[in-house]
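Open the model in your viewer and keep the selection panel at hand. The stops below say what to select next and what is there.

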Amino acid sequence: MEKGEERILEQMLIAAIEGDERAYVAFLDAVAKLLRTWLRRKVRHGTLDVEDVVQETLLAIHLKRHTWRSGEPVRPWIFAIANHKLIDAIRRHGRLPLADSPALEEIEAMQVEVPQGWEIDRALEVLTPGQRSVVTAVSIEGSSIQETARDLGMKETAVRVALHRGLAAIAKRFGRT
Amino acid sequence: METNELIKALAADTRRPGLPLGRAWIAAVAAAVLVAAGVFFVLLGPRPDAQEALSTVRFVFKFVFTIALAVAAYRLAVAVSRPGGDLRAALSGMLVAPFLLAFSVLLELVAVPSTNWTARLVGTNSTVCLTFVPLIGGIPLVVLLLAMRHGAPVNATAAGAVTGLLAGGIAATFYAAHCPDDSPLFVAVWYPLAIAILASLGALLGRLCLRW
């Protein structure tokens, strides 16, 4: 089973790198599922949201997809990236006070770090207004590049640049806002 | 933003992915060697008797050592820059240069009377070695760190140190053509020290700029 899954992942990734958008969506969907299963087994403490790590890993896979060498197995590459991002996330959350720390009442009084939505939404806030409207249009509203260009009165190339820079900026700020 | 919404945005970002990592490394090493050669020929140049020295074992061995180190460090750097890469082969390759060096030191200790050991070890050029290897390798280190940054190293500090070893191997190869001290005793003490300066610098810079 695993061999077959590996083959399918590899074929989807190759098609995606050649510019097949539909294959890329299928690839990222499959990776998201793999990551969820893997992370649920690994993450035991409550403050860390598995979906945050899934999203951060997908962003990293996208921006670092040139580090995969065709012919190499895809899964070890994916999990190495995921592990790197998971360790990062645990380290960040390690800075939060633990529930059994002695100054619990004090901390509760301070209302430290009430998680508001997902980390990606906080990262979105640091984008330039132009980048944010492009990223939101393409992701949440599900518009195509062409529709986004028309709605925002921008050139298509400008939309593509804003999308790419916006995603890179989100990846950079993820969890650090 | 839901994950399936993020996936839509990622898939729509169809700009060509970055330069394949293997090619980025080849370009970076070519640039690093050119820069190192430029700095070497401007600042030092080969020693006057380099041509004749090529027929002596000790002179030639210096290049065997530095090139063995540079090749092994290159393989390790490429492996480290790829997530999920298998490091075992590249790591064991790193043993070759130290082994060659230890072997040559043994031969030298047999060939040379013990009264001359200290003089050969101290040599005449150790300060030049410790100064110019880092000087020749400084800009190449920055160029090579760009390639490492293009990759995705999991451990930023270690990846920086490996990049420093590669820059050190390249710089020491050029420096060896200048240095009049050919004894393995000299090479075994001062070359590793000079290369370690670049490796530490690489580790430091790596910590700062190789996170992703």
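How many residues does the contact take from chain A, and how many from chain B? Select both chains of this predicted model: the contact takes 43 residues from chain A and 31 residues from chain B.

**Stop 1: the interface**

Chain A and chain B bury about 3,300 Å² between them, and 64% of that is on carbon and sulfur atoms. Now pick out A:Lys64, A:His66 and A:His84, which supply 18% of the area that chain A buries against chain B, more than any other three residues.

**Stop 2: salt bridges in chain A**

Over all chains, the structure has 13 salt bridges. Select A:Lys85 and A:Glu56, whose side chains meet in one of 3.8 Å, N to O. A:Lys85 lies in helix H4 of chain A and A:Glu56 in helix H3 of chain A, so this pair ties together parts 29 residues apart in sequence. Are A:Lys85 and A:Glu56 buried or exposed? Both are buried.

Next, select A:Arg92 and A:Glu119, another salt bridge, with the closest N and O atoms 3.3 Å apart. Here helix H4 of chain A holds A:Arg92 and helix H6 of chain A holds A:Glu119, so the pair ties together parts that are 27 residues apart in sequence. A:Arg92 and A:Glu119 are both buried. Show the four residues together: A:Glu56, A:Lys85, A:Arg92 and A:Glu119 are linked in a network of salt bridges.

**Stop 3: chain B as a whole**

Chain B has ten helices and zero strands. Its C-alpha trace spans about 75 × 35 × 25 Å along the principal axes. Of its 212 residues, 50% count as buried. Among the contacts in chain B with a separation of 6 or more, 85% are between residues 24 or more positions apart.

**Stop 4: a salt bridge in chain B**

Select B:Glu108 and B:Arg120, whose side chains form a salt bridge of 2.9 Å, N to O. B:Glu108 is in helix H6 (residues 96–111) of chain B and B:Arg120 in helix H7 (residues 117–122) of chain B, so the pair ties together parts twelve residues apart in sequence. B:Glu108 counts as buried at 3% relative accessibility, whereas B:Arg120, at 30%, counts as partly exposed.

**Stop 5: a loop arginine**

Go to B:Arg47, in the loop between helix H2 (21–43) and helix H3 (50–53) of chain B. Why does B:Arg47 count as buried? Its relative accessible area is 12%, and buried means under 20%. The B:Arg47 side chain makes a polar contact of 2.8 Å with the side chain of B:Asp49.

**Stop 6: aromatic rings**

Finish with B:Phe40 and B:Phe174. The count of aromatic pairs over all chains is nine. B:Phe40 and B:Phe174 form a tilted one, 5.8 Å centre to centre with 40 degrees between the planes. B:Phe40 is buried at 2% relative accessible area, and B:Phe174 is buried at 18%.

Technical notes:
Residues are numbered from 1 along each chain as its sequence is written. Chains are lettered from A and ligands numbered from 1 in the order in which they are written. This is a predicted model: local features need pLDDT of at least 70, side-chain atom pairs count only at pLDDT 80 or more; totals for chains, interfaces and linings use all residues. Side-chain values use heavy atoms; hydrogens and water are left out. Contact means heavy atoms within 4.5 Å. Buried area is the accessible area (1.4 Å probe) that two parts lose on being put together, summed over both. Helices (H or I, at least four residues) and strands (E, at least two) are DSSP runs, numbered from the N terminus. Buried means under 20% relative accessible area, exposed over 50%, partly exposed in between (1.4 Å probe, protein chains only). A polar contact is a pair of N or O atoms within 3.5 Å; within protein, one must be able to donate a hydrogen and the other to accept it, and residues adjacent in sequence count only if both atoms are side-chain atoms. Rings of Phe, Tyr and Trp (its six-membered ring) pair if their centres lie within 6.5 Å; planes under 30 degrees apart count as stacked, over 60 as edge-to-face and the rest as tilted.
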